[in-house]
Amino acid sequence: MSDTIIRVENLGKKYLIKHQQQDSYTALRDVITDKVKSLGKKIISPWNHKQSSTYSTTEEFWALKDISFKVKQGEVIGIIGRNGAGKSTLLKIISRITEPTKGRIRINGKVASLLEVGTGFHPELTGRENIFLNGAILGMGKAEIKRKFDEIVAFAEIEKFLDTPVKRFSSGMYVRLAFAVAAHLEPEILLVDEVLAVGDAAFQKRCMGKMGEVVQKGRTILFVSHKMDAIRRLCQSVILLHDGELIRKGPTETVVNHYLSGTNLYAELKDRGPAPGKAMHLRSAKLIDEKLNIKDNFAKNETGYVEVLYDINTSLENVHIVCHFVDNEDRIIISTGDCDVSRRLHQKRESGTYKTKFKIPTDILNEGEYSLIFALGVPYGRIYDRLTDVVRFSLSDSREGNGPEYIQRRPGFVLQDLPWETETT
Amino acid sequence: MKELVIEAGRTERQYWKDLWNYRELFYFLAWRDILVRYKQTVIGILWALIRPLLIMVVFTVVFGKLAKLPSEGVPYPILVFAAMLPWQFFANAFSESSNSLIGNANLISKVYFPRLVIPTSSVIVSFVDFLISGIILIGLMLWYNFWPSWRLIALPALIAVAFAAAMGAGLWISALNVKYRDFRYIVPFVVQFGLYISPVGFSSSVVPEQYRLLYSINPMVGVIDGFRWAILGSDASFYLPGFLLSIGLVALLLTGGLWFFRKTERTFADII
């Protein structure tokens with residue numbers, strides 16, 4: 001059919017994970033020593049054709065397995081799933097950043113991606129210069145940028161700072177400018193990866209408005225997000241990925257509800273491996289109880305902990321790690337940071353792997369499901385790593401005083417036992 | 001709109017068309033690098049003039065005055081500078097492009113565009129430096145009242161050869177550096193070493209006749225000799241078989257570089 005704009009057929013992507021290696025890149029020395037080692041083994045036991053031990057450290061990992069779907073012209077498709085489900089890999093392949101291992105994609109139209117706002121911004125250059133640079137990187141011509149220049153500046157609200165280097169911008173201004181440039185691309189297919197997670201509420205609203213406008217113009221959008229309300233508002237249908245497989249594709253409500261229904265608790269984010277290019281990097285996270293058992297459901301007032309492992313790759317000052325507890329309606333119920341209680345952490349942190357742990361506030365949370373967002377970076381400044389929906393747990397209320405008459409969830413964001421004092425007079 | 005097919009191992013037929021569509025990016029990346037380089041410096045673009053000028057002075061004193069090497073009848077500073085131009089261009093392009101892909105890792109892992117744009121832009125940046133230091137040569141020639149001959153018209157062709165050599169070497173080193181970071185240690189060494197084994201501070205006429213062809217295995221020998229032939233009008237340093245050999249090697253370097261770059265380019269985003 002002619003109005004099918006993207007056709008994905010049996011798509012697969014394989015990564016090789018090296019377990020021993022510290023760095024993500026190969027050193028020539030290692031290649032040479034590996035070759036010499038395996039040659040040596042062959043000389044010593046030429047008939048032993050088992051794989052040599054140097055290769056056993058490499059593991060195959062399929063980030064995407066046999067994905068097939070079609071997208072029609074003008075459709076807005078949401079892609080949801082847990083972290084590591086393959087959502088971003090899928091977008092990366094569609095946008096041609098990396099190539100698939102298997103299968104193929106047929107695309108009829110110009111693709112532009114908003115994989116991360118501000119990619120290609122240079123801190124030393126001014127706002128004006130960065131608009132041109134970023135526009136060119138995203139595939140706009142000079143004439144096109146000139147034409148849209150005023151519109152971009154107006155959208156970002158940075159008129160006064162056009163000739164200031166962006167390194168002096170506040171993070172809000174930075175994000176606004178970056179989104180403004182990207183939003184003024186005019187591709188037939190737009191890929192959006194979690195860009196709406198930044199900026200203040202008013203700006204997010206405007207971003208959503210802009211996306212709606214793009215939809216009105218009959219453009220096709222693939223939209224990755226953990227924000228179910230955004231997905232519900234924008235998308236007609238949704239693709240659910242799990243461990244690299246397409247679990248379900250269908251109308252938004254059905255798939256989102258399926259995703260949110262209780263089977264989706266996960267108490268652990270498996271080690272994501274090192275990322276030497278990032279200053280701070282979240283490695284893994286898990287929910288545990290007092291006996292260190294991994295657990296995805298807690299009772300009201302039960303003792304539970306969130307344990308996190310993260311890397312710092314260059315020594316940093318004045319950084320912190322924060323965690324937001326988010327309920328099913330995407331509202332942040334409580335936010336906590338490791339510097340809240342310890343001034344000492346504000347001081348310099350050397351590079352290395354850090355392990356940290358804090359108590360789940362089961363004493364104040366109401367019944368329901370909660371997912372955790374982690375952000376690592378400078379307070380109200382630069383964010384080095386941010387991960388949404390890292391773990392998800394449920395909290396059930398079975399307190400002693402709760403007799404069978406309390407059949408429904410108690411109203412309110414929080415639920416805390418207050419010491420009522422009652423006496424007869 | 002033609003259908004685009006993304007598939008494993010497919011050498012996109014679209015590639016060269018894409019490269020054309022992104023032609024303005026060559027300019028923008030080069031423009032960015034030039035802008036950024038002289039931000040927060042006091043004398044700015046003058047740095048592009050000072051460095052080659054100082055090396056020229058040192059070489060004139062060491063090779064011309066102290067070692068008293070032959071100058072082919074032209075002022076020694078001009079002899080040195082006519083060679084400094086292509087050499088500096090090559091050396092800068094080589095070291096700039098070696099780090100270019102890694103320096104733009106965030107772009108490579110986030111946005112699609114033909115990766116060839118990145119090292120090429122580095123070469124273009126070095127080419128701008130080359131044009132700027134060309135001013136010094138003109139200044140020197142006016143100072144010594146030295147007039148070039150009709151051979152100067154061959155210069156654009158020779159500049160093209162120098163450009164091809166810089167591109168070829170740059171493509172190889174940038175692609176290799178993505179996977180094997182060892183190469184970033186090799187680059188400064190090659191640049192330093194190359195300055196002395198190439199006929200920059202001296203004329204290649206000092207190389208014994210029977211070794212001239214062997215000497216021309218260094219492709220920059222042909223380029224530098226060509227520059228001297230065109231600018232100074234000196235026949236002494238020009239040796240045709242050696243020149244042809246150098247040209248052939250430059251062509252090989254460039255096509256090999258293109259082939260290798262295209263072959264490895266697809267995996268850049270995964271391994272960078």
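How many residues of domain 1 of chain A are in contact with domain 2 of chain A, and how many of domain 2 take part? Some notes on that and on the sheet follow.

1. A word on conventions: this is a predicted model, where local features need pLDDT of at least 70 and side-chain atom pairs count only at pLDDT 80 or more, while totals for chains, interfaces and linings use all residues. Residues are numbered from 1 along each chain as its sequence is written, with chains lettered from A and ligands numbered from 1 in the order in which they are written.

2. Chain A is divided into domain 1 (8-18 + 30-62), domain 2 (64-264) and domain 3 (268-396), bounds that come from an automatic or database domain assignment. To return to the opening question, eight residues of domain 1 of chain A meet 15 residues of domain 2 of chain A (contact: C-beta atoms, placed from the backbone, within 7 Å). Strand S1 (residues 4-18) of chain A gives the most to the domain 1 side, with seven residues.

3. Now to the sheet: six strands of chain A make an open, mixed sheet, ordered S5-S6-S7-S3-S8-S9. Strands here are DSSP E runs of at least two residues, and helices are H or I runs of at least four, numbered from the N terminus; two strands pair if DSSP finds at least two bridges between them. S5 (111-114) and S9 (245-251) of chain A each have a single partner strand, so one side of each is left without a neighbour in the sheet.

4. Within the sheet, S3 (residues 76-80) and S8 (residues 237-242) of chain A run parallel, joined by four bridges. A:Ile79 has A:Ile239 as its bridge partner in S8(A).

Terms used
Two residues are in contact if their C-beta atoms, placed from the backbone, lie within 7 Å.
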